Each structure stands twice: as C-alpha cells, then as structure tokens.
Amino acid sequence: METAKIIVVGAGPAGIATAVEAREAGIGPVIVLEKQAHLCDTVVSLYHQGKRVDPVYRKVKVEPTGKLSFDTETREDFLRRMAIVAEDHRLDIRFGREVQKIISQDGLFHVYTGKGEEFRAPVAVIAIGIFGKPIKPSYPIPAEVKDKVHFSLPREAPEGKKVLVVGGGDAAAEAACFLANKNEVALSYRRSEFFRINELNYCNLNDCACLGKINLMMATDIKELTPHGERVMVRFAHGEEIPFDFLFYNLGGMTPAAFLESIGVEMTDKKPRTDIHGETDVERLFLAGDLVVEKGTIMAAFNSGKAVIDRIASRYGSMAGAEAAMAGKESS
Ligand SMILES: Cc1cc2nc3c(=O)[nH]c(=O)nc-3n(C[C@H](O)[C@H](O)[C@H](O)COP(=O)(O)OP(=O)(O)OC[C@H]3O[C@@H](n4cnc5c(N)ncnc54)[C@H](O)[C@@H]3O)c2cc1C
C-alpha cells in the first residue's frame, strides 16, 4: 500500500496535465496510474499513423490556460513531446495499472488496481476519458462478421479492401481519407451534410470524393449487417445492399457511468455532475478531460487539469497528504 497526496487515474492529456500542474504548483506527491504500458492510449490506439493532431478540433478553439499547449503536429511528434513533458517534470507514472475500484473511507480514497495493489490519497483525480467504451450501433453485429467490424484501426491498416467508414465527425473524416490511400472507401453518415468537422477535414474529404477515392453516402442509415461469404453485407434503410471487406465505426465514446457511480459520482442527463473545477459531489474527488468537458479536445483536457489543480491548491493545498486528511476528518 502506498500513500500520496493525489492519485491521478489515467495518463492521457488530462492526467498528464493534472500531474504537471501539480508539480508546477508544488503539490505532491502525485502518483499517476495508467492501465496501458504507454502514455496517451487514445492517441496511440485510435489515431492512425501520421495523423495530424490539431489544437482546433471539432470546430472548438480553446486558448491554453495552463502550462501545456501545442501546435498542429503529427501523432508521432505529439506522443514524443508528451513523453518529454512527463520526463522533464519527473512525473511518477505507474504503467500497467488498471484502476478497477475506488472507495472513499476515513477521509482517504483507496484506489485498487487489477494487480491487487492499493494506493491511498486524500485527493483523487479521474482522467480516464471516454474512448475505453466506444459507442456501438443499435443493431446487432453477428458473431460471424465480428472480425471484420472495427471500432479502432488495427495496427496493420487494411490494404486493397472495400472499406466502409461509419460516422460524420473529424475522426471519421480523417480515418476515411487515410484509408482511401490504399483502399476503396465509402463513408456512411446519417445526416445530409457535415456540420461538425473542421475546414481542413471537410476539404480533404471533398477532394477525395472528387477524385473518386471516397464514396460519400450522405443521409444513409444502416439497418442490418449479415455475413456474405468473406465479406459483410450492409443493408441500408433506403434499401441498398452493399458488401464490404472491412467496416470501421467512428461514433465516439461513452462516459463510464457505472464506474463513476460506484464511487458516488452523481449523474445528470448521463453526464457526471461536477463544478467548474471538475470537483464532484464527493468531496476531493475530481474528474478531468473528456469526462467533464462539453466537447472533448486535447487543449480542453490540458486546461481541465489546470482547473483541477487550481481548486486543489486553493482549497486543499495546505493539507500535507494523508495525515492531514485524517486530521481534517477527526476535527470535523
Ligand atoms: C480518432 C480520434 C482523433 C482525435 N483527434 C484529435 C485532434 O486532432 N485534436 C484534439 O484536440 N483532439 C482529438 N481527439 C480527441 C482527444 O483525443 C481527446 O479529447 C483527448 O484524448 C482526451 O484526453 P483525456 O486525457 O481526457 O482522455 P484519454 O486521452 O482518453 O486518456 C485516458 C487515459 O486513461 C487510461 N485509462 C482508462 N481507463 C483506465 C483505468 N481504469 N485505469 C487506469 N488508466 C485508465 C487510458 O489508457 C488513457 O491513457 C481525437 C479523438 C479521436 C478518438
């Protein structure tokens, strides 16, 4: 069992920013628990190779309020820079630690990992994002075609295949353009126009469509998937049936409500309830990044780490770790 002042769960942009801001504010020790063997798993696992990482994403421009910021760069440069940020700030990140349970007891959060370890701290910040739970379609995916239906791009991207990308956000647009380099691609979007993608992605998509590299299937809804030899037959609501080798759904992620509720976080309209600093109704339990911001972007995740630490510094900064939490409880 180890004790810290703050336990941060998740080493994505929000978790890293929280730990950096804490270091800059002189608040510690901070232990960051990350389930994967690397930083920023959403960037590692869901961004395609060479992807442009834009600070203006989903049409949202967010000015930096804290120490971390970035300009447009590739996925690989972004990941390299985040590793340097973690090293320069001597962040204590424990990899391969999936947090499975958090209990609030005696003024401390008891944080349990899948490895059977326990960490304790008076303050906990949950920054696990929403992409651990991708949104799935409402119709069933038959077992026979599951290996052809993807919610993240496999390490080996397909080549020479007939691919259907489903979704209409920036991530879907970028994936479709990326896949169109080496595949025959169609993109199915239920609206008749793109309305939430940035201008560059809009232009790239239209360029690909004009060059015949992407078939834009606007205002289409999928009704059913069925096995079709080595392919998946996609039946659209307008009656058309098209077989594909590979389907890639990019519909966004879901708040891990059950996990948050198990710690006592209240939900309103399926969103966790917090104040503007990310503090939940459970005192000293904070949420950061995609879990709390209106539209998830990296800059918003960075800024939410700053907001969390500002509140911890002003409200709980004088507490010298676990003993202070205990003392606070005894005197109340
Ligand atoms: C395909 C795609 C492209 C995108 N492109 C851009 C872009 O160009 N620009 C932009 O600003 N935004 C982009 N975004 C959005 C951006 O990635 C998110 O807003 C951002 O990553 C949110 O950061 P976060 O730290 O809140 O969560 P995440 O980045 O999701 O990080 C969460 C971390 O927590 C870890 N974790 C999860 N569960 C546990 C657990 N139980 N215990 C321990 N660790 C755990 C995960 O492994 C992960 O490392 C994109 C998103 C996608 C899906």
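Predicted model: local features only at pLDDT ≥ 70, side-chain atom pairs only at ≥ 80, totals over all residues.
Residues are numbered from 1 along each chain as its sequence is written, and side-chain values use heavy atoms, with hydrogens and water left out.

Stay at the ligand and pick out its oxygen atoms. A ligand oxygen lies 2.6 Å from an N or O atom in the side chain of Tyr 47. At Ala 14, look at the backbone: one of its N or O atoms is 2.9 Å from an oxygen atom of the ligand. At Asp 41, a polar backbone atom is 3.0 Å from a ligand oxygen. On its own the ligand has 1000 Å² of accessible area (Shrake-Rupley method, 1.4 Å probe), and the protein covers 96% of this.

Next, colour the two domains, whose bounds come from an automatic or database domain assignment. Domain 1 is 2-133 + 253-331, and domain 2 is 143-249. Their centres, taken over C-alpha atoms, are 33 Å apart.

How much area do domain 1 and domain 2 bury between them? About 1000 Å², with 47% of it on carbon and sulfur atoms; buried area is the accessible area (1.4 Å probe) that two parts lose on being put together, summed over both. Select His 48, Arg 52 and Lys 59 in domain 1: these lose the most area to domain 2, together 46% of what that side buries.

Finally, show the side chains of Glu 174 and Lys 51, which meet in a salt bridge at 2.4 Å, N to O. The count between the domains is 2 salt bridges (a side-chain nitrogen of Lys or Arg within 4 Å of a carboxyl oxygen of Asp or Glu).

Notes: Polar contact = N/O pair within 3.5 Å; in protein donor to acceptor, adjacent residues only side chain to side chain.
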